[in-house]
Amino acid sequence: MNYINDNKLSVTDLFFNTFVNILRAEKKMLSNSEYNDLSPKDLHLIHLIGKMGTITVSNLASSIGTTKSTITKSINILFKKGYVIRRRNLSDRRYVYISLSKKGITLFNINDKFHDQIINKLLEEFNEREKEKFKNGILSINTELLNYI
């Protein structure tokens, strides 16, 4: 369902539709590529690891507000598929460090470029003032969402 063409659309509906369409676009991008063994959830985890760099499982879980066991399950799947590397701390084996493998880095870069293409296409119609207002709007949304986390 595409709500974008409905003039009676509320901001809430637009926001929801945008979120859904981002997920659908990512799913389509994945399914039409050699990375079709991943879900958008997997892609988001790869993106997060790519942005954060080498990170412990505990810190990764904390950064997205989930449990260590949930992240461990997801990391195990990504490890088996060759997207992440796990390294134990040699002095304290309780700590496991996660980073992207070469395959994970390649996908991270493709996904980053995919997002850049979407945003650049959107912003090409904007003047500098409109770009700044758009950016500030997105920042405001993110700031407000932090109140619910």
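The legends below describe close-up views of a predicted model.

**View 1. A nonpolar patch lies on the surface.**
The patch is formed by Phe15, Ile138, Ile141, Leu145 and Tyr148. Together these residues have about 500 Å² of accessible area. Helix α6, residues 128-146, gives the largest share of the patch, with three residues. Phe15 belongs to helix α1, which spans residues 11-31.

**View 2. Positive charges gather in a patch on the surface.**
The residues in this patch are Lys68, Lys80, Arg86, Arg88 and Arg93. Two or more residues come from each of α4 (68-80) and β2 (84-88). Lys80 is located in helix α4. Lys80 has a relative accessibility of 73% and therefore counts as exposed.

**View 3. Three strands make up an open sheet.**
The strand order is β1-β3-β2, and the pairing is antiparallel. Strands β1 (55-56) and β2 are at the edges, and each has a single partner strand, so one side of each lacks a neighbour in the sheet. Strand β3 covers residues 96-100 and is joined to β1 by two bridges. In this pairing, Ile55 is placed opposite Ile98 of β3.

**View 4. A salt bridge joins the side chains of Lys51 and Asp112.**
The structure contains four salt bridges, and the one shown here has an N to O distance of 3.8 Å. The pair links distant parts of the chain, with Lys51 and Asp112 61 residues apart. Lys51 is in helix α2 (residues 40-52), while Asp112 is in helix α5 (residues 102-123). Lys51 counts as exposed because its relative accessible area is 54%, and the exposed class begins over 50%.

**View 5. Arg94 and Asp92 meet in a salt bridge.**
The contact is between the two side chains, at 2.6 Å from N to O. Arg94 has a relative accessible area of 61%, so this residue is exposed. Side chains of opposite charge can pair when their charged atoms come close.

**View 6. Lys121 forms a salt bridge with Glu124.**
The closest N and O atoms of the pair are 3.1 Å apart. Lys121 counts as exposed because its relative accessibility is 56%.

Methods. Residues numbered from 1 in each chain as written. Predicted model: local features only at pLDDT ≥ 70, side-chain atom pairs only at ≥ 80, totals over all residues. Heavy atoms only, no water. Patch = residues over 30% accessible without salt bridge, like charges linked within 9 Å, V, L, I, M, F, W, Y side chains within 5 Å. Areas by Shrake-Rupley, 256 points an atom, 1.4 Å probe, with all protein chains shown as cover. Helix = DSSP H or I, 4+ residues; strand = E, 2+ residues; numbered from the N terminus. Lys, Arg positive; Asp, Glu negative; His and termini not counted. Charge placed at Lys NZ, Arg CZ, Asp CG, Glu CD. Buried < 20%, exposed > 50% of the residue type's maximum accessible area, 1.4 Å probe, protein only. Pairing = 2+ DSSP bridges.
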